[in-house]
Amino acid sequence: MKFVEPKVFLVGETRIIEEGLQAYLRHVGAEDWSTDAPSDSERLCEVMGRLCYRSFKPGLNPNVTRVREGNETYLRHILEVGHGSVIEHPVLNFVFADVSRVFTHELVRHRAGTAMSQESLRFVRLDRLSAYCPTHIRENEAGMEIFSRTLEKLEEVQAELARVYAIDDEKQFNVKKKLTSAFRRVAPDGVATTIGWSCNLRSLRHVIEMRTEPSAEEEIRVVFGMVYELVRNRYPSLMGDYEVEMADGLPWVKTAHRKV
Ligand SMILES: Cc1cc2nc3c(=O)[nH]c(=O)nc-3n(C[C@H](O)[C@H](O)[C@H](O)COP(=O)(O)OP(=O)(O)OC[C@H]3O[C@@H](n4cnc5c(N)ncnc54)[C@H](O)[C@@H]3O)c2cc1C
C-alpha cells in the first residue's frame with residue numbers, strides 16, 4: 001500500500017489546419033485577415049466568432065462598420081457577453097492518474113462537452129493498493145494509523161482472494177475478468193486509478209470554477225487547481241479573466257464571467 005498524489009497530464013489539444021482556414025478566409029473575402037492569437041484554440045474561437053457577423057474587417061458585411069482588433073480583446077468581449085458557444089470549438093485531452101474513484105465519480109457528473117475513458121477494474125487487477133490521503137487524515141496521527149491499517153488490510157484481502165481463487169493459474173480470460181470484477185467490490189472508494197478526460201474550453205471553464213470552490217471535495221480541488229495551472233498561460237485570452245484566491249491552502253479560481 002502506498003499514498004500517492006494526483007497527477008495531471010495534458011496530452012492533446014486542438015490544432016488548426018492552416019490551408020483549410022486560409023481557403024475559407026479566401027472564400028469569405030478575408031484572405032488578408034490575421035490575428036495575434038497565442039494558441040490555435042484561441043484562434044479557432046476567434047474565427048468561429050467572427051464568422052457569425054463576417055466581422056473579419058469592416059465592410060465585409062455592409063452592416064459592420066468597425067471591428068474589435070486583437071484576439072484577447074475579441075475573446076474578452078465574448079466572455080463578457082456570455083457567448084459561450086463560441087468557445088466550445090477547441091477540445092483539450094487530459095489524463096488524470098493516481099486519482100481515486102471518489103474523484104472519478106465526481107468528475108463524470110460533468111456531462112456537457114466532455115468525454116471520458118476510465119481504467120477498467122474488471123480487467124485491471126488490483127494487487128497493490130494506492131490512495132490519496134486527505135489533509136484531515138494526514139494531520140491526525142490516530143486517524144492516519146486507522147487509515148493506513150485499513151488500506152493495508154484491504155490490500156491483503158485482494159491478495160488473499162487472488163490466492164483462494166488461484167487467479168494466476170486461471171487460463172480463461174473470461175473467468176479472470178469475472179473474478180477481478182468480484183474482488184474490486186471490496187476495494188476502497190479511495191483506490192487510486194486513472195481516467196482520460198477530454199472537454200471543450202467552455203466546459204473546462206465551468207468545471208474549473210465549480211471544482212476549485214472551497215465547498216468542493218479536497219482531491220478534486222487539488223486536481224482542478226493543477227489543471228488551471230496547466231491552461232492559464234497556454235490560453236491567456238480565454239483564461240485571463242480569472243483571479244485566484246487561496247482557500248484552505250488550495251487555489252480557488254474565480255471570475256466575474258461565471259459559466260459563460
Ligand atoms: C460542491 C458540490 C457538491 C455536490 N454534491 C452533490 C450531491 O450531494 N449529490 C449529487 O448527486 N451531486 C452532487 N454534486 C454534483 C452536481 O450536482 C452536478 O451534477 C455536477 O457538479 C455537474 O455539474 P453540472 O450540473 O453543471 O453539469 P455539466 O455536465 O458540467 O453541465 C454544464 C452545464 O450545462 C447545462 N446542462 C448540462 N446538462 C444539462 C441537461 N441535461 N439539461 C439542461 N441543462 C444541462 C447546465 O447549465 C450545466 O450547469 C455536487 C457538486 C459540487 C460542486
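This is a predicted model: local features need pLDDT of at least 70, side-chain atom pairs count only at pLDDT 80 or more; totals for chains, interfaces and linings use all residues.
Helices here are DSSP runs of H or I at least four residues long, numbered from the N terminus. Just past the end of helix 6, A166 takes a positive phi of about 45 degrees. The buried residues of this helix are L151, E155 and Q158, and their cover includes strand 5 (130–131) and helix 7 (173–183). In general, an α-helix has 3.6 residues a turn, so residues three or four places apart point the same way.

Running over residues 218–232, helix 9 has 15 residues and reaches 21 Å from first C-alpha to last, close to the expected 21 Å. Its buried residues are E219, I220, R221, V222, V223, F224, G225, V227, Y228 and V231. Among the elements covering them are strand 2 (7–13), strand 3 (91–100), helix 4 (101–107), helix 8 (201–211), helix 10 (236–239) and strand 8 (250–254).

Four strands make up an open sheet in the order 2-3-6-4, paired antiparallel. Strand 2 and strand 4 (114–118) sit at the edges with a single partner strand each, so one side of each has no neighbour in the sheet. On average, neighbouring strands of this sheet are turned by 20 degrees against each other, direction ignored. Strand 4 is joined to strand 6 (residues 192–200) by five bridges, and the two run antiparallel; within this pairing, A115 has S198 of strand 6 as its bridge partner. Helix 8 packs on the sheet, where it touches strand 3, strand 4 and strand 6, and its direction makes about 125 degrees with that of strand 6.

Strand 7 (residues 243–247) and strand 8 also run antiparallel, joined by five bridges. Here M246 stands opposite P251 of strand 8. The two strands form a hairpin with two residues between them, and D248 in this hairpin takes a positive phi near 55 degrees.

Around the ligand are R109, H110, R111, A112, H206, M210, S215 and A216. Sorted by type, this shell comes out as three nonpolar, three polar and two charged residues.

Methods: Residues are numbered from 1 along each chain as its sequence is written. A residue is near a molecule or strand if its C-beta atom, placed from the backbone, lies within 6 Å of it. Ala, Val, Leu, Ile, Met, Phe, Trp, Tyr, Cys and Pro count as nonpolar, Asp, Glu, Lys and Arg as charged, and the others, Gly among them, as polar. The expected span of a helix is 1.5 Å times one less than its number of residues. A residue is buried if 20 or more other C-beta atoms lie within 10 Å of its own, exposed if 12 or fewer, and partly exposed in between; C-beta atoms are placed from the backbone. Two residues are in contact if their C-beta atoms, placed from the backbone, lie within 7 Å. Two strands pair if DSSP finds at least two bridges between them. Axes are lines fitted to C-alpha atoms, for helices over the stretch in contact, and angles run from 0 to 180 degrees between N-to-C directions.
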